[in-house]
Amino acid sequence: MKIAQYSKIGFVFCLALLGALTGCVGYVDGPRGEVYAPAPSVYAEGGVAVQDDYVYYPAYQVYYSSYRHQYVYQSGRSWVSRPAPPRVSVNVLFASPSVNVGFHDSPANHHAQIVRQYPKQWKSPGPNRDNHDNHDDHRGNDQRRN
């Protein structure tokens, strides 16, 4: 008789333990999306604060930071920063119309406005079809002029 009682008690105990453990799994609401945390826009270099500056290439929707020597663009739903532009050579990119943009923080914060202001077919109104004055600052080499 005692064996039957112990079996019932053991069965109830195991059932309660199983219920308690499955209740501890928690709630999962699905996969998490990617998160973009923009990089800081001001850097201290030898005691001097340096801000990012960007040149925008509307035909390719690519930004170039001459300070960082990085191309910033949207890849799917994420923003990325890379040493080379996407899907185009540097020479072709630099031959396309471009414009200096007046912000110093992440392009992700301004992209919707910039795309409206400078659509893919945008052409510079100037005679040299270029709104910034020195392409050589960002031709992929890190040498600075003295």
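Strands, in the sense used in these legends, are DSSP runs of type E with at least two residues, numbered from the N terminus. Gln-74 has its place in one of them, strand S5, which covers residues 70–75.

**Figure 1. Overview of the protein chain in this predicted model.** The protein chain contains 3 helices and 7 strands, and from the N terminus on its elements follow the order α-β-β-β-β-β-β-α-β-α. Of its 146 residues, 28% count as buried, while the chain exposes about 10,500 Å², of which carbon and sulfur atoms supply 55%. Among the contacts with a separation of 6 or more, 56% are accounted for by residues 24 or more positions apart.

**Figure 2. The open sheet of 5 strands.** Strands of a sheet pair through backbone hydrogen bonds, and the pairing can be parallel or antiparallel. In this sheet the pairing is antiparallel, and the strands have the order S6-S5-S4-S3-S7. Strand S6 (78–82) and S7 are the edge strands, since each of them pairs on one side only, and from one strand to the next the twist averages 30°. Between S4 and S5, which run antiparallel, there are 4 bridges, and here Tyr-64 has Tyr-71 in S5 as its bridge partner.

**Figure 3. Strand S3 and its two partners, S4 and S7.** On one side S3 (residues 54–57) carries Tyr-54 and Tyr-56, and on the other Val-55 and Tyr-57; these residues are all buried, and both faces of the strand are covered. S3 is joined by 4 bridges to strand S4 (residues 62–65), and the two run antiparallel; within this pairing, Tyr-54 stands opposite Ser-65. The two strands form a hairpin with 4 residues between them, and in the turn Gln-61 has a positive phi of about 50°. S3 is also joined by 3 bridges to strand S7 (residues 99–101), again running antiparallel, and there Tyr-56 stands opposite Val-99.

**Figure 4. Aromatic ring pairs.** A pair of aromatic rings is described by two values, the distance of the centres and the angle of the planes. Rings count as a pair if their centres lie within 6.5 Å, and planes over 60 degrees apart make the pair edge-to-face. By this rule there are 9 aromatic pairs. The ring centres of Tyr-54 and Tyr-63 are 6.3 Å apart and their planes are at 85°, so this pair is edge-to-face. Because residues under 20% relative accessible area count as buried, Tyr-54 is buried at 4%, and Tyr-63 is buried at 0%. Tyr-118 and Trp-122 also form an edge-to-face pair, because their ring centres are 5.0 Å apart and their planes are at 85°. Tyr-118 is buried with a relative accessible area of 14%, and Trp-122 is likewise buried at 14%. Ring pairs also link Tyr-54, Tyr-56, Tyr-63, Trp-79 and Phe-103 into a cluster.

Figure 5. From Tyr-63, Gln-74 is 11 residues away in sequence and 9.7 Å away in space, C-alpha to C-alpha.

How values were computed: Residues are numbered from 1 along each chain as its sequence is written. This is a predicted model: local features need pLDDT of at least 70, side-chain atom pairs count only at pLDDT 80 or more; totals for chains, interfaces and linings use all residues. Side-chain values use heavy atoms; hydrogens and water are left out. Rings of Phe, Tyr and Trp (its six-membered ring) pair if their centres lie within 6.5 Å; planes under 30 degrees apart count as stacked, over 60 as edge-to-face and the rest as tilted. Buried means under 20% relative accessible area, exposed over 50%, partly exposed in between (1.4 Å probe, protein chains only). Two strands pair if DSSP finds at least two bridges between them. Contact means heavy atoms within 4.5 Å. Accessible areas come from the Shrake-Rupley method with a 1.4 Å probe; for residues, only the protein chains shown count as cover. Axes are lines fitted to C-alpha atoms, for helices over the stretch in contact, and angles run from 0 to 180 degrees between N-to-C directions.
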